[in-house]
Amino acid sequence: MTAPLVLGIESSCDETGAGLVRDGRLLGHAVASSMDAHARYGGVVPEIAARAHVHAVRPVIRRALDEAGVRARDIDAVAVTTGPGLAGALQVGLAAAKGLAYGLGVPLHGVHHLAGHVAADTLEHGPLPSPCVVLIVSGGHTSLLLVRDLAREPIAHLGDTLDDAAGECFDKVARVFGLPYPGGPAIDRAAREGDPGAVVFPRPLPGGYDFSFSGLKTAAARWAERHAGGVLPVADGAAALQEAVADTLTRKAVAACAEHGVGTLVVVGGVAANSRVRALAEERCRAAGIELRVPPLRLCTDNGAMIAAVGDLLVRAGTEPAPLDVSVDPSAPLEYAALHPVGRG
């Protein structure tokens, strides 16, 4: 018997994504971004994002179906991000998913956005080892997790961000440095021409596994202010900032693996695309005898494939589908991969 075909829909922020997964294998996916519309404001504008999702969701689903070489009637289940994220943006994806699931007569599964990032790695490297340590690094989230069975078991938090996440730090400092939005890629590009040792930025919260990047952001802003009226050595500042972030993230992640006796570190999320984070994680994991898994760049940022990957796991695990009145939870904590809030939209 053919394994179920799962459609995943992602619309939590400024990317509209759709993906199709069958038995752990990605068949096709498509993404539309409204990032250019937000760039002039230096950050995501919720109303603009929601309107962009309305226009993009149907074409994106169609493109994913075409790439996979399947038709809508071949879909056996629909998975959709129900949180966390921007409320209006989430509602657009959920409405599309509900309509498809109802029209096709197939089950609907609500998915936690961050669990999607974790599952993205399975599309490239196969099932996650149990247990594994997962470092999620994105614009709004920085977390260290202990993951066993993603579809069935609760996700243990070893550490979380207490204020600014790593990606948020990059965005805000890039603005101070006069670099374009989004800040993460801009910092990465500028850092290639700089000396990471030219500026000594602090390493936030050196003990434990929680993260705090607001102090680092402030230190970078104060450093830039000291060059007021002169030439700001942006490349050196970007390289030093990137080094501080990468050092903090990878040091804590490798230490968590050692403390918990885990042999695999998985690094996911938008900031996992950062070249220095990837390089330093590889260097430290190799030295510690830890297997490092990082998804390809196309699966690091928000996409529908990662939501389909979670949906595929949930369907194969026999998880109960979402109720018909499932809503969204814009601030949902990460406890389980499935997220079926009701009456909180």
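Start with Arg251, which forms a salt bridge with Asp247; their closest N and O atoms are 2.8 Å apart. Keep in mind that this is a predicted model. Both residues sit in helix α9, four residues apart, so about one helical turn separates them. An α-helix has 3.6 residues a turn, so residues three or four places apart point the same way.

Buried or exposed: what is Asp247? Asp247 counts as buried, because its relative accessibility is 8%, and the cut-off is under 20%. Arg251 is partly exposed at 48%.

Now the helix itself. α9 covers residues 234-260. At 1.5 Å a residue, its 27 residues should span 39 Å, and the end C-alpha atoms are 39 Å apart, so the two agree. Of those 27 residues, 20 are buried, so the rest of the structure largely encloses α9. Gly261 follows, with a positive phi near 65 degrees.

Next pair. Asp164 forms a salt bridge with Lys217, closest N and O atoms 3.0 Å apart. Asp164 is in the loop between β8 and α6, while Lys217 is in helix α8, so the pair ties together parts 53 residues apart in sequence. Asp164 is buried at 8% relative accessible area. Lys217 is partly exposed at 21%. Shared partners join Asp164, Glu168, Lys172 and Lys217 into one salt-bridge network.

Last pair. Asp74 forms a salt bridge with Arg71, at 4.0 Å between the closest N and O atoms. Asp74 is partly exposed at 27%. Arg71 is partly exposed too, at 47%.

How many salt bridges does the structure hold? The count is 15.

Technical notes:
Residues are numbered from 1 along each chain as its sequence is written. This is a predicted model: local features need pLDDT of at least 70, side-chain atom pairs count only at pLDDT 80 or more; totals for chains, interfaces and linings use all residues. Side-chain values use heavy atoms; hydrogens and water are left out. Helices (H or I, at least four residues) and strands (E, at least two) are DSSP runs, numbered from the N terminus. The expected span of a helix is 1.5 Å times one less than its number of residues. Buried means under 20% relative accessible area, exposed over 50%, partly exposed in between (1.4 Å probe, protein chains only). A salt bridge is a side-chain nitrogen of Lys or Arg within 4 Å of a carboxyl oxygen of Asp or Glu.
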